[in-house]
Amino acid sequence: MATTEARLLFLTGFVFVATIGYGTYTAHTLSVVKVNGPYYQRIDANNRLLADVMPPPLCAIEVYLCAHLMTRATVPDDRERQIDQYGRLKANYFESLEHWKGTLEDGPLKVQVAETSRESALAIFDAVDQKLIPALRRGDRATAIRVLEIELDPLFAAHRAAVDRAVALAIDTAHADETEVAHLVDTRQRVQLGLTGAFLASTTALALWVAVAVRRRATQFRAMIENSSEAVALLDRSAAALYHSAAVEHMLGYRPDELRGRRVLDLVHPDDAGAASGALGAALRSPRQAFRVEARLRHRDDTYRWAELVCTNQLDDPSVRAIVANVRDVTARRAAEARLRERDELLQKLTDQVPGALYQYRECPDGHRYFPFASVGLRAMLGVAPEEGRESADWGRYVHPGDHGAVRAAVEQSAAALTTLHVEYRVVLPDQGVRWRESRAVPEALPDGSTQWHGYLTDVTERKEWEVRQGNLVRELERRNAEMEQFTYTVSHDLKSPLVTIKGFAGVLGQSLAVGELGGAVGDLLRITTAADRMMALLDDLLDLSRVGRVGGPLVPVVLSEVLGEALERVSGPARAAGVLLRVSGSVCGVVLGDRGRLVEVFQNVLENGVKYGGGGVVEVSGVVASGRVVVSVRDWGIGIEPRHRERIFGLFEKLDPKSPGTGVGLALVKKVVEFHGGRVWVESAGPGTGSAFVIDLPGHDTHTEQQH
Ligand code: ADP
């Protein structure tokens, strides 16, 4: 069909172009010589003037008159003036002849006319120049008059006759031209008429053909519209129906003619009337733009059907002059959507009851991540609201920085191998602080290259904390076990040595008594008593140590300067006896929450050691309170401690010099009490002979907070 139309169009176009082309061609090629009196006019077939030509110049009258005047002049000046005038006329003649020749088209006619005129004119000029003027200048008037009357008169006649002949010839040629041109014009008109006829015929054929095609198409369209399940309505400006396609009957039960003239809004459910009239109003305001609305339309049986209306205002289109409304029955789709919504709601309600969060999570190839579905718990689990997660999932926002890399790696590994994602990590949520999460999800690869997981998130903070506590407890238990073993060994070993002494000297004493040698008895008894005292001291210290953290005063805010003051007071006697100066550098301040008596013991022990091992010099106490810690240092310039013994001296019964006084329990007690208070104790010494500093670092107590409480 399209090929035939194209051919017809091509043919019509060709005929049109040929008509125009032929007309233009002949207009330019045909030309006519018309004779109008003594003038030539060259015009084309469309009467456009091409040239306006004078006949060849006639010099006869002027020259003849001039010859007479110069002959009759009695005064030589008059004569010379006439001769000058003659000279100008002659020059003018040749000029005119050249111009005339220039304005004529080339051709034998022009040459013939020009030559005829020129030859006869030259004969006149020759006679005047060579005979008349010389005779006049000589004063020979008789000869002049004879030349004038006998020679010039016939020459003028011959010149005029020559020009007339030329003109006559031109007229004849022009007539012949005219006839030929008339014939050509006639032929052209006939050809043009024929072509115009052909053009009109092909145009009419095309118009007819187009009309038939249009009609056929209109019929096809109508058939399509009438048989379509989608109804089409044409509405006027007030939304009253001008036309309804047959589908409306199937959809709403009305015959199309029953609805003609009825306003479409009369059929719309009252709840949807606002939306429908809104769409129609918008369509009225914006021609050619489609506006879509879904509304319930009343069926003839008074039930309602959901319909999708797409309204396009084509009132300004002269061939439509209506608002075109496409109406589609979407009742089934709406019902399906409602069922889907109900199922979604059910799913949401059920999943919202599950502790933790259930989720569907997707990662697209372009990097976009989101939760297509998530139960309400997602907000509590990850700090991402489900509705926010549907757009984009910035789940990493609240993941603990220390676990972020591990989570990402687990997700990537699960996506790559399509294995179950199982990861435990911390989140730092603004309203919950640090919490532990466990996520388990099964991945699937989607056709578009995305990976989608279905899984759950649970709060495992309690389990994790319990695990940490368990771990700490186990470690603590192991440490204590080891300590106990060491303790048992040390205690049994150290308690044994005074017993061995007692047993040995008791045996010796017994033998001495048996043989009656009592000379060494006093010394033996003294040794036995000393060993028993030592054993007693050891047992006392052990008892004291075992009580740390179990038996003691309540934990109260303890002002450190007071505790130190009491310890210094207790040590002042032995210090004075040993010639040691106890010095406090600056003011040692700060408050510690603790057992006052035990803290006095700590400083007393360290100060006593300073006195014992300080070499009789100075023992200096200094303190710093910084960053919530109270750090006290007790320094001496005595025997010092080798680096390898820095840890050892805090062990039970550890003495670097067995002969030195003391049980070796003091520093073990100090360590235990300090650690019981959440602090640390260590020794700093550059080695033997450089003195040592015992540093006690305790957590400070905020008295301000205390007061507030
Ligand atoms: P002791 O009752 O023997 O003093 P401690 O537990 O108090 O027991 O000290 C353990 C050991 O640490 C001491 O025997 C001593 O060898 C060493 N020591 C303690 N304080 C100092 C000090 N200020 N200078 C050098 N050595 C010290």
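Q: Which atom of the ligand does the Asn609 side chain lie by, and at what distance?
A: A polar side-chain atom of Asn609 lies 2.9 Å from an oxygen atom of the ligand. A polar contact here is a pair of N or O atoms within 3.5 Å; within protein, one must be able to donate a hydrogen and the other to accept it, and residues adjacent in sequence count only if both atoms are side-chain atoms.

Q: OK, and what's the source of these coordinates?
A: This is a predicted model, where local features need pLDDT of at least 70, side-chain atom pairs count only at pLDDT 80 or more, and totals for chains, interfaces and linings use all residues. Residues are numbered from 1 along each chain as its sequence is written, and side-chain values use heavy atoms, with hydrogens and water left out.

Q: Back to the ligand. What does Asp636 do there?
A: A polar side-chain atom of Asp636 lies 3.0 Å from a nitrogen atom of the ligand.

Q: And which part of Gly664 is 3.2 Å from the ligand, backbone or side chain?
A: A polar backbone atom of Gly664 is 3.2 Å from a ligand oxygen.

Q: How much of the ligand does the protein bury?
A: The protein buries 97% of the 520 Å² that the ligand exposes when taken alone. Those areas come from the Shrake-Rupley method with a 1.4 Å probe; for residues, only the protein chains shown count as cover.

Q: How many residues surround it?
A: 20 residues surround the ligand, with Asn609, Lys612, Asp636, Glu654 and Leu667 the closest. A residue is near if one of its heavy atoms lies within 4 Å.

Q: Which element gives the most to that shell?
A: H16, with three residues. Helices (H or I, at least four residues) and strands (E, at least two) are DSSP runs, numbered from the N terminus.

Q: Switching topic. Where is Ser627?
A: Ser627 lies in the loop between strand E17 (618-626) and E18. Its phi is near 45°, a positive value in a residue other than glycine.

Q: Is Ser627 buried or exposed?
A: Ser627 is exposed, because its relative accessible area is 77%. Buried means under 20% relative accessible area, exposed over 50%, partly exposed in between (1.4 Å probe, protein chains only).

Q: What about Phe653?
A: Phe653 has a positive phi too, near 60°. Phe653 is in the loop between E18 and H17. At 7% relative accessibility, Phe653 counts as buried.
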